[in-house]
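Thanks for passing this one along. Here are a few friendly notes to read beside the coordinates.

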Amino acid sequence: MSRLAEQTLDLSRWLRQTAGLNWRGRWFGERPSHGVQAGIEAADSRDYATGDDLARVDWNRCARLDELVVRQYFGSELRALDIWIDHSPSMNVDDGAKLQWAKRFAALLALQAIDQGETVRIFQVADDCRAIGGVARGRPRLCRLLNQLEASSTSARPLQLAAAARQYLNVVQSGPTLLILSDVFEIESARFVEAFRLLSAAKVNAALIQLHTQAEANPIETGRWKLADVEGGGEQTVTLRDEDLAAYQAEFARYMQGMRRVCHRAGAIWARVPVDAGFDQVVRVLAGTSRLGRAR
Amino acid sequence: MSWLNPESAIGLLAIPILCVLYLIRERAKRQETTVFLWRRALSERSAWSRMRPWVSAAWRSAVVVLLVLAMAAPILGPRETRTRDFVFVLDATLGMHATDVQPSRFEAARSAAQEALSKLGPLDRAALIVVGGEPHVDVPLTIDRQPLEVALHSTAADWLEGDCEAAVQAADLMLRDSPGGVILLFSAQAPNEKSRLSDAQLLVATFADSPTNTGVVSLSARRIAHNPASDANDASPARQLVARFTQTGSPRTVKLQWLVNREVAAEQELQFEEGRATALFNANVGDDVEVRLAADDDFALDDSASLTLSSESIQFADVDGTDVVVSGQSNPLPEFETGQQPARPAHRWFFGLALLVWLGEWLAFLVGVTE
């Protein structure tokens, strides 16, 4: 088993213990389906979670074993979780912290989704959208998928979400759940606005987890710097002072707010994750995002 | 300006070295994912904020430049002693009695000469030629100021005509071995010809404020004759001389001086009534009597002006000095360059200035003006 898979299993166990309840409901299993949901064959049962439909509670089992569980059925519609992982150069800074985090988190969600009986596809996104491996269903396929995910490396091309969205929508059959793991550091804000407009029009149930490092949000180093743009190329020499850092932080906050507004208008979930913060803090953020059902 | 240690200018190389270091520091590179956000944030900087690095660099460069200047020890003046010789030519002739310049032309000229004397450098030499009758050297070239000051103070205007040009020539002769010598002429009138001077520079200060000729008249009657007939029973051969004058202008003051055997015997002021005045003087037979007048306006002798010796009239044989001083205008003494002592290197000033600039830069850094 690969290191990524091991970490994923560890995280999955931890996640169940700490915030498992909050993770259910929105992104897995009971999400609204655009197709016919006519499943009658019982597939599995699981513990009751807040918000579950009481009609699905297995009352017999409850009376017999004193356990509050809900029944799960195989539906006629194949439920799919698609995950975009941004592989643009900006994800590779700080020893690839953001990309590594995105891979681990994608693996974790994939595991959760597989456990929920869903299919998982992972896409490598830069200025295009390419699937990593095939559709994963069941743990054996998942392990193979995770190995392929771990082997994937960053692209040299900058992120273009709109182009990726067009390419993605060409191959998507029905409205899946799409989770985007990206820093979305695109210079032209019109491009990601267009991307979310396209996804919204295609009734893709999208969620954006915007990744950044704490240094990107709150840079602390002043002095003379030559800033090399890893996305667009080019360099800029600047003397950074405390007031410049403050201005940058304000600009960063404005940018994040802009992303949040874009997602909100497109009906997408938005969450902002500092990848180098503690994982429990990250989960807490994401759990809060899930419970509310919209970006905050 | 000269330099005591010009080789210290090599220290200016520190500036390009500092610039290179600055640029090297500038090259600290970091990979940024949000350069577009940095651009937006930095575009809101004020103009001063954008200029601040250059101000800091200029400030620090100024400290380096001042330190290098201090080490080079600039000498803001002559490096060697430079002396000059000056000859003061003071016109003390008859015409300088005129009072169109207050208190008189001569007094004004003397004051100007004293002032010029006070301006000379401590190692400059000076001489004084007084023009009264024949020009004579009152004080030869000397570095000592005292005899010059005493001579200027004690000199009075003479009642004789004189030749300033001859005095200037004499001064030029004195300065023959003094390259860069200067002749300072204090007179009522500039000499006509300056081309005769060999090497010396002639600077003239004139003292006259009369639009018309100023009458300064000298009458003289030579040798009072002895009259045996009238002097036979007279124990005292004194004779009363009577001089009569007629004015045509409106003199403010007319001074009259009696000279006996070329010595001033008496001075008096003439009181004109209806344009006429009479002066009396007792002289002995055999005396050589002269009468001199100075007025500050047109003045003319009466046709019958005469010296009367008792009942005998002696027509003036010599009438000297009418119209000896012409109209003119006062001109101050032009500026002149005196000798100089060697200047001391000003490195202490530059060190002090560099320290001040450095302190200022440090304070500016503390308060956040520079970086």
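**Notes on the interface and the packing**

1. Across the interface of chain B and chain A, the rule finds one salt bridge, meaning a side-chain nitrogen of Lys or Arg within 4 Å of a carboxyl oxygen of Asp or Glu. Arg40(B) and Glu251(A) pair their side chains in a salt bridge, at 3.8 Å from N to O.

2. A word on conventions before going further. This is a predicted model, where local features need pLDDT of at least 70 and side-chain atom pairs count only at pLDDT 80 or more, while totals for chains, interfaces and linings use all residues. Residues are numbered from 1 along each chain as its sequence is written, chains are lettered from A and ligands numbered from 1 in the order in which they are written, and side-chain values use heavy atoms, with hydrogens and water left out.

3. Back to the interface: 25 residues of chain B are in contact with 32 residues of chain A, contact being heavy atoms within 4.5 Å. The two chains bury about 2,900 Å² between them, and carbon and sulfur atoms give 58% of that; buried area is the accessible area (1.4 Å probe) that two parts lose on being put together, summed over both. Of the area that chain B buries against chain A, 24% is supplied by Arg30(B), Thr33(B) and Trp38(B), more than any other three residues.

4. Over all chains, the salt-bridge count comes to 16. One of them joins the side chains of Asp127(A) and Arg157(A), at 3.4 Å from N to O. Asp127(A) sits in the loop between strand S4 (119-125) and strand S5 (129-136) of chain A, and Arg157(A) in the loop between helix H4 (139-151) and helix H5 (161-171) of chain A, so the pair ties together parts that are 30 residues apart in sequence. Helices (H or I, at least four residues) and strands (E, at least two) are DSSP runs, numbered from the N terminus.

5. In chain B, the axes of helix H3 (residues 47-72) and helix H8 (residues 347-366) come within 8 Å and cross at roughly 165°. Axes here are lines fitted to C-alpha atoms, for helices over the stretch in contact, with angles from 0 to 180 degrees between N-to-C directions. H3(B) and H8(B) are therefore roughly antiparallel (over 145 degrees). By class, their contact has 16 nonpolar, two polar and two charged residues.

6. Two backbone spots deserve a look. The peptide bond from Gln102(B) to Pro103(B) is cis, with omega near -5°. Asp94(A), found in helix H3 (residues 93-115) of chain A, has a positive phi, near 55°.

Technical notes:
Angles under 35 degrees count as roughly parallel, over 145 as roughly antiparallel, 65 to 115 as roughly perpendicular and the rest as oblique. Ala, Val, Leu, Ile, Met, Phe, Trp, Tyr, Cys and Pro count as nonpolar, Asp, Glu, Lys and Arg as charged, and the others, Gly among them, as polar.
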